[in-house]
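This report describes selected features of the structure shown below.

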Amino acid sequence: MLNSLARDVKASMSIYDAGDDKVYGLLAEFAHPGELLHAAEAVHGAGFRHFDTHSPFPIHGMDKAMGLGNSTVGWITLVGGITGLGLATLMQWWMGAVAYPINISGKPFFAVEPSIPIMFELTVLLASLATAAGMFALNGLPRPYNPLFYSKNFSRVTDDAFFLHIAASDDKFDQEATAKMLQELGASAVETIHDHGTEEND
Amino acid sequence: MSTASTDKNLAHLADFHDEAPLVKGNLKFHDITEIVSSHTEKKTPLAWYGAFSLALAGLMLLVGMIAYLFWNGTGVWGLNNPVGWGYAIVNFVFWVGIGHAGTLISAILFLFRQQWRTAINRSAEAMTIFAVICALVFPTIHVGRVWAIYWTLPLPNQMGMWPQFKSPLLWDVFAVSTYFTVSLVFWYIGLVPDLATMRDRAKGKIRRLVLGVASMGWTGANRHWRNYEKAYLLLAALATPLVLSVHSVVSFDFAVSIVPGWHTTIFPPYFVAGAIFSGFAMVVTLLVIARKIYGIENIITVEHLEKMNIIILLTGTMVGFAYITEFFIAWYSGVQYEQYAFVNRMFGPYAWAYWTMMSCNLFFPQFFWFKKLRRNITFMFVISIFVNIGMWFERFVITVTSLHRDYLPSSWDYYTPTIVDVLTFVGTFGLFFTLFLLFLRFMPMVAIAEVKGVMPEADPHFYDHEGDGHHAEHAVEPSTQQ
């Protein structure tokens with residue numbers, strides 16, 4: 001139960017477990033974003049869930065094609081923002097009215113109006129930091145080791161190449177049948193990726 | 001090829017844009033990667049060393065001037081009574097203002113889906129960060145007792161003392177440091193995919209290691225892009241009110257005090273417009289040179305520069321309108337101190353500064369009404385320099401002319417900066433260009449992934465009517481123009 005939850009969470013970050021045969025998955029290259037989008041649609045339609053597309057830039061409509069919902073990063077932003085607002089209010093009230101009250105032209109020790117700028121700034125600050133941290137956390141980054149880096153072709157993914165990766169951990173994965181399916185979808189090359197771990201550093 | 005009739009004939013061929021294409025020269029995805037990252041990989045050109053030495057000399061000058069100031073105290077500056085705020089505050093507002101264009105380009109234009117921003121946002125954001133660093137120098141050194149600067153932060157201390165949150169100067173500490181942090185985070189998030197691009201091209205082991213750490217293991221996975229794009233959108237949405245707030249808070253430093261010429265409600269919007277105005281001028285100044293030297297004229301095209309010039313025209317006119325409104329309100333208020341402050345600006349001892357500001361900010365940008373002029377590289381470069389000068393003088397006029405003649409004629413005085421004032425300011429340009437040159441040398445100066453993302457070939461439906469989908473190169477005829 002807990003194991004399968006961890007597996008699903010990791011899969012949502014594009015992190016998969018290799019099987020006993022060290023096969024991590026199949027990496028298929030497609031010619032352009034259009035083909036990749038159609039392939040992703042077909043792979044999702046065939047019932048695969050542990051797969052991901054890799055592209056040099058985000059492709060419009062890919063989330064829908066892969067059957068992914070809305071990103072949850074916004075909730076983390078909200079929590080960060082509320083924390084910032086609360087902290088700023090508490091800080092200004094406690095420091096100004098409790099710990100170190102100073103009478104300045106008879107103004108109240110704490111009032112909302114002069115506190116607004118700092119309330120705003122800390123809301124934005126913590127919301128932004130939470131957004132950035134939340135994005136990396138949801139993506140499972142930093143991830144220095146990735147079995148995909150073993151592929152020579154894969155280095156072009158940040159340049160002009162478009163890949164679809166189906167992980168061996170998917171229930172429907174079958175090395176030969178899946179490779180055949182990818183070829184039929186128009187993949188120009190299908191490569192088996194092995195998870196050798198980090199110790200085999202050439 | 002760039003005649004008007006060719007443009008017209010080709011216009012109907014553009015499937016995805018009703019305007020000129022964002023990327024010219026029939027470039028493919030790989031070309032973008034190549035053009036941008038090759039500059040960080042090639043041998044350092046001699047000219048870079050030349051420019052860098054000059055900038056470094058400026059930085060040394062700044063360090064020297066600051067050391068001299070710390071040793072002797074703020075008496076080495078030209079401050080007097082009643083002008084207690086001189087170059088330090090003028091330069092602070094000048095540099096913070098310049099930063100604003102970067103955030104406008106990266107955040108506000110993003111929310112408005114202005115895709116042309118992708119070519120310039122990286123360098124403009126870098127400019128923001130470096131300009132804010134220059135700005136932060138001044139409030140830090142102008143406190144006089146610099147060793148007590150940490151009192152501005154809410155840090156527990158043995159005196160049981162806390163900052164005074166009713167002071168706009170303290171709001172500034174929070175506003176500018178938040179602005180700096182958020183800009184840096186935003187910039188870094190944008191850089192991650194491009195650092196991964198450079199990592200995958202890296203030849204040397206150390207270079208690959210450094211870039212590998214910095215790019216966090218980015219693989220362009222769509223599950224990552226999904227969170228990434230959402231986070232980018234949220235950061236843009238957070239940075240938009242932030243950038244408007246920063247210069248508003250800076251203007252509170254003035255507007256909250258009861259000084260004629262400062263105590264006006266128009267200050268926040270007027271400062272924000274001025275900030276964007278000066279920032280865009282700085283972006284034009286920098287990019288006109290950088291695009292030439294780095295041969296990226298097909299990525300940062302004349303259209304990009306023209307759009308920036310239109311924003312300069314718009315914001316410059318807004319600033320000019322604010323100048324005139326201030327005058328009207330001063331007259332209409334019936335307050336003689338207020339009226340005098342403004343007449344004194346125009347015809348008093350600082351009239352030269354006032355008219356420099358007026359002509360640079362209101363008059364010269366009006367030439368951009370003419371399409372020919374706002375597409376002329378040399379002309380726009382000259383105007384952008386004028387605007388930079390004009391906006392510096394705006395802050396000088398606001399600060400100095402309002403202070404030098406206050407309520408009591410017996411305390412009137414004339415403020416003249418000392419050589420230390422001037423050299424400190426010159427030195428901040430050294431700091432700025434040192435950082436900017438390092439950025440040009442070691443970082444991708446154009447957002448590679450974002451530029452690719454706005455090319456027509458990035459749209460998956462671009463290939464729908466192409467049959468076998470291998471004809472991308474035929475579908476971009478409009479980009480062959482010019």
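## Contact between chains A and B

The contact between the two chains takes 64 residues from chain A and 58 residues from chain B, two residues being in contact if their C-beta atoms, placed from the backbone, lie within 7 Å. This is a predicted model, in which local features need pLDDT of at least 70, side-chain atom pairs count only at pLDDT 80 or more, and totals for chains, interfaces and linings use all residues. Residues are numbered from 1 along each chain as its sequence is written, while chains are lettered from A and ligands numbered from 1 in the order in which they are written.

On the side of chain A that touches chain B, the elements giving two or more residues are α2 (33–45), β2 (51–54), α3 (62–65), α4 (73–99) and α5 (112–138) of chain A. Helices (H or I, at least four residues) and strands (E, at least two) are DSSP runs, numbered from the N terminus. The most residues on this side, 16, come from α5(A).

## Helix α11 of chain B

Helix α11 (residues 336–347) of chain B has 12 residues and should span 16 Å at 1.5 Å a residue, which agrees with the 16 Å between its end C-alpha atoms; the expected span is 1.5 Å times one less than the number of residues.

The buried residues of α11(B) are E338(B), A341(B), F342(B), N344(B) and R345(B). A residue is buried if 20 or more other C-beta atoms lie within 10 Å of its own, exposed if 12 or fewer, and partly exposed in between, with C-beta atoms placed from the backbone. Elements covering the buried residues of α11(B) include α10 (302–333), α12 (351–363) and α14 (377–404) of chain B. The face of α11(B) turned away from its buried side carries the exposed residues Q336(B) and F347(B).

## Residue M1 of chain A

M1(A) lies in the segment before α1 (2–12) of chain A. M1(A) counts as exposed because it has 5 C-beta neighbours inside 10 Å.
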